[in-house]
Amino acid sequence: MIRTRSLLADGSRLRRLAPLALPAAWGAVAVAWRFGCPLARQPGLPMRIATSVVFLTVGIGLVLGLRHGLVRELAQVRAVAAATQRVLLRPPPPRLDGLTLAAGQLSASRGASVGGDLYEAVATPHGVRIVVGDVRGHGLAALGAVVALLGSFREAAHDEPELAGVLRRLERALERHLRERARDEHPVAEEFVTLLLVEVRSDGRLAVLNCGHPGPYRLGARAERLPVGDPLPPLGVLPLPTGIVPYAGARLLPGETLVLHTDGAEEARDHRGRFFALDEALTRVPGEAPAALVRRVHAALLRHTGGRLADDIALLVVRNDRVRVPAQPAEPGLRRPRPAPSSHC
């Protein structure tokens, strides 16, 4: 096994050096010609020009060979990063139990396609359960917490009958992650996660748990901030209270859209320091699909900030496309039976 790995490593190094083989051989020939050939040592301008051209050609060949190897390696790294994103922060299915979904993220780290924001939606026997969260910080340093939380949510969403049980599982997963980081690296100061848990039931009723996260918007006749009840502390700041009761005073009616987001969407600033008006950007376009809404808001954010994001931004859009069944009138000719007259003694 060790010999096989050594051979694979040697083969990988040879492939990286292959583009340099021809320029190196040409350089060896040029050096041998310059110092071994009497003609090359003859004085005169033409011979000096010929020598300069030879060595310039060798230098250009070496630079191009190195560039080719770096470009190929960069393409491989980007392919691995794209595959990691699809596994870690995979897009939600377009349809889920009568709901149409779309999601997307803008990373503040240049060259990174994932960051400190997370989202996921799964269909369970208890309803469609959704999480949107924001790990303190952004970029690659926050990926460990994202992995821990998403892995825990994907299991707990199916296993826990109550939404509060899902939240407690997420809290324990984050605690384990922070303990492992403190043991393997160094103590982690003030690392916490804000998140929003939403459960969409079959009748459109919503159950919401909010841990210091911005509330979602509901798009119906207009864009309005959805009430989510009293917020809980972000995970990692304080222990969750003993009794956790989800807020259940909101509904998502057929045809309405729910927009969940991270705080980077509302805190994005332009060159004058003005905040992005997310509520105005969510102005409803008749017949607009959730995926088109995500693209439109992302484009507006990039225009507003000039492409310079200070924080990661995640959006998850859910539209209730379930059909409302109207009450059926009684068939003509059918009457309700009258109650039998009561007899008195």
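Two strands are taken to pair if DSSP finds at least two bridges between them, and strands (E, at least two residues) and helices (H or I, at least four) are DSSP runs numbered from the N terminus. The structure described here is a predicted model, in which local features need pLDDT of at least 70 and side-chain atom pairs count only at pLDDT 80 or more, whereas totals for chains, interfaces and linings use all residues. Residues are numbered from 1 along each chain as its sequence is written, and side-chain values use heavy atoms, with hydrogens and water left out.

The secondary structure of the protein comprises eight helices and eleven strands. Of the 345 residues in the protein, 40% are buried, where buried denotes under 20% relative accessible area, exposed over 50%, and partly exposed the range in between (1.4 Å probe, protein chains only). When contacts (heavy atoms within 4.5 Å) in the protein are considered between residues at least 6 apart in sequence, 69% of them join residues at least 24 apart.

Six strands form an open sheet with antiparallel pairing, in the order S1-S2-S11-S10-S7-S8. Strand S1 (95–96) and strand S8 (223–225) stand at the edges and have a single partner strand each, so that one side of each is left without a neighbour in the sheet. Within this sheet, strand S2 (residues 99–106) runs antiparallel to strand S11 (residues 313–320), and eight bridges join the two; Ala103 has Leu316 as its bridge partner in S11. Helix H8 (residues 290–305) lies across S2, strand S7 (217–219), S10 and S11, and runs at about 25 degrees to S2, the axes being lines fitted to C-alpha atoms, for helices over the stretch in contact, with angles from 0 to 180 degrees between N-to-C directions.

Helix H4 (residues 143–159) contains 17 residues and reaches 24 Å from its first C-alpha to its last, close to the 24 Å expected at 1.5 Å a residue, a span defined as 1.5 Å times one less than the number of residues. Buried residues of H4 include Leu143, Val146, Leu149, Leu150, Phe153 and Arg154.

Thr262 is located in the loop between strand S10 (257–261) and helix H6 (264–267), and it counts as buried because its relative accessibility is 0%. A polar atom of the Thr262 side chain lies 3.0 Å from the backbone nitrogen of Ala314. With residues up to four places away in sequence not counted, Thr262 touches Asp117, Val132, Gly133, Asp134, His213, Pro214, Asp312, Ile313 and Ala314.

The structure holds 14 salt bridges, each being a side-chain nitrogen of Lys or Arg within 4 Å of a carboxyl oxygen of Asp or Glu. In one of them the side chains of Asp321 and Arg319 meet at 3.0 Å, N to O; Asp321 is partly exposed, with a relative accessible area of 27%, whereas Arg319 is buried, with a relative accessible area of 19%. Salt bridges that share partners join Arg95, Arg319 and Asp321 into one network. The side chains of Arg205 and Asp203 likewise meet in a salt bridge, at 2.7 Å, N to O, with Arg205 partly exposed at 36% relative accessibility and Asp203 partly exposed at 35%. In the salt bridge of Glu224 with Arg222, the closest N and O atoms are 3.8 Å apart; here Glu224 is partly exposed at 25% relative accessibility, while Arg222 is exposed at 57%.

Note on methods:
Polar contact = N/O pair within 3.5 Å; in protein donor to acceptor, adjacent residues only side chain to side chain.
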